[in-house]
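Thanks for coming. I have a few minutes on one model, so please look at the screen.

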Amino acid sequence: MKNKHLEVFEELKKQLLNFPRDTLYDKYLDAIVSAQLKKIKYSDDGFEPEKLSRQYVYAKAKGVNEDTVDGQTAKNSIKTTKLNLELNNFIHSQPDCKQAFDNIGYMPIVIASLSSGGAKNRALLWMDIEAVKDDSYELEQILDTTSLEIDEEIEDDEDLSFVTYERRPESEIKPSLFTKLFFKKGKLKLRSFSGMLLMLLLMLSFVADILIAIFSILVILLLSDLPSFRLWQVMVLLLLIPVAYLNWRYFFMPLYVLPHHRVIKAPMFFANINVDNADIEMYRNKDKLNIARITEFTATCPICSGVILLANGKPDQMPPLVGRCKEAPHAHVYSFDRMTMKGYFLGAPN
């Protein structure tokens with residue numbers, strides 16, 4: 001007879017792969033169940049849980065070194081009650097997933113308890129299983145069986161109305177080759193030689209767009225008086241028009257509004273091809289000089305624990321930039337304040 005713990009954990013691992021959601025709590029769950037599977041597969045004894053610290057789970061989910069994770073940060077980010085809620089929501093939101101555990105007869109559940117160590121003891125997390133209950137079984141009763149021994153875990157519902165943004169460390173920013181030509185270590189002083197050179201390139205691109213637009217209008221107006229165009233000439237003209245528009249829309253305009261908006265999405269050529277998100281921020285140094293830097297603003301969605309990235313506010317929001325959750329970009333929308341690094345929910349109340 002197959003080990004029920006192994007069967008449940010393997011099924012959860014498979015379901016997390018089949019229905020991927022880019023949320024922190026799904027990554028936490030994956031880290032916990034992976035550790036349990038690894039220990040079960042290499043153990044001949046009965047089920048002995050692999051008890052994990054919050055720092056370990058946090059580091060695995062974030063892809064960072066465990067030694068660099070602050071204990072309080074991990075504690076604030078990983079709540080056992082929320083882990084079980086997210087696990088329960090994940091299973092019941094996928095009919096195939098729920099049916100698979102119904103067929104096994106057992107469900108996974110996250111448990112936390114205090115480690116031995118006196119006054120400096122800390123909570124350890126692991127995963128266990130429990131028999132499947134019928135639909136009338138209340139979630140609160142399920143959570144009561146987690147054997148929590150930490151009063152701090154039972155807290156009020158967290159506030160979903162605001163988020164806190166953070167900048168990605170400079171060491172983790174990957175600038176593009178084009179950016180490296182002007183930005184030194186990811187930063188650009190506008191009054192430096194590189195800054196002046198970039199401004200000159202910006203103005204030349206704008207003049208080129210104007211000339212292309214004027215030339216296209218003249219060709220259309222004087223088409224009957226001009227000698228017959230060859231096919232290659234028509235193709236070049238048709239190609240120049242969209243190129244000029246793309247240059248104006250995605251290169252000139254974003255950099256033009258940067259001094260006024262202070263933060264923009266990195267336009268084409270400024271974002272590394274291997275990075276799916278990058279921002280450009282302008283700030284003043286101690287000498288009151290404007291400096292632009294490549295960075296990234298992110299936050300954790302309090303609704304689904306997905307990653308919030310800056311995105312265009314239009315067409316549904318008034319601000320030029322808002323924070324949109326990658327998992328629900330039109331439902332989980334928050335404002336963005338660069339000075340306070342806070343954002344407030346912009347959707348419908350409740």
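Predicted model: local features only at pLDDT ≥ 70, side-chain atom pairs only at ≥ 80, totals over all residues.

Start with helix H2, residues 24-41. H2 has 18 residues and spans 26 Å from its first C-alpha to its last, close to the 26 Å expected at 1.5 Å a residue. Buried residues in H2 include Leu 24, Tyr 25, Tyr 28, Leu 29, Ile 32 and Val 33. Asp 26 and Gln 36 are also among the buried ones.

Next, the pair H1 and H6. How do helix H1, residues 4-18, and helix H6, residues 95-104, cross? Their axes come within 11 Å, at an angle of roughly 175°. H1 and H6 are therefore roughly antiparallel. On the H1 side, the contact is made by Lys 4, Glu 7, Val 8, Glu 11, Leu 12 and Gln 15, and they meet Asp 96, Cys 97, Ala 100, Phe 101 and Ile 104 of H6. By class, the residues of this contact are six nonpolar, one polar and four charged.

Now the loops. Between strands E10 and E11 sits Ser 305. Ser 305 is not a glycine, yet its phi is positive, about 65°. Ser 305 counts as buried, because its relative accessibility is 1%, against a cut-off of under 20%.

Met 341, in the loop between strands E13 and E14, also has a positive phi, near 60°. Is Met 341 buried or exposed? Met 341 is buried, at 13% relative accessible area.

Last, the peptide bond from Lys 314 to Pro 315 is cis, with omega near 10°. Pro 315 is in the loop between E11 and E12.

Terms used. Residues numbered from 1 in each chain as written. Heavy atoms only, no water. Helix = DSSP H or I, 4+ residues; strand = E, 2+ residues; numbered from the N terminus. Expected span 1.5 Å × (residues − 1). Buried < 20%, exposed > 50% of the residue type's maximum accessible area, 1.4 Å probe, protein only. Axes fitted to C-alpha atoms, helices over the stretch in contact; angles between N-to-C directions. Parallel < 35°, antiparallel > 145°, perpendicular 65-115°, else oblique. Contact = heavy atoms within 4.5 Å. Nonpolar A, V, L, I, M, F, W, Y, C, P; charged D, E, K, R; others polar.
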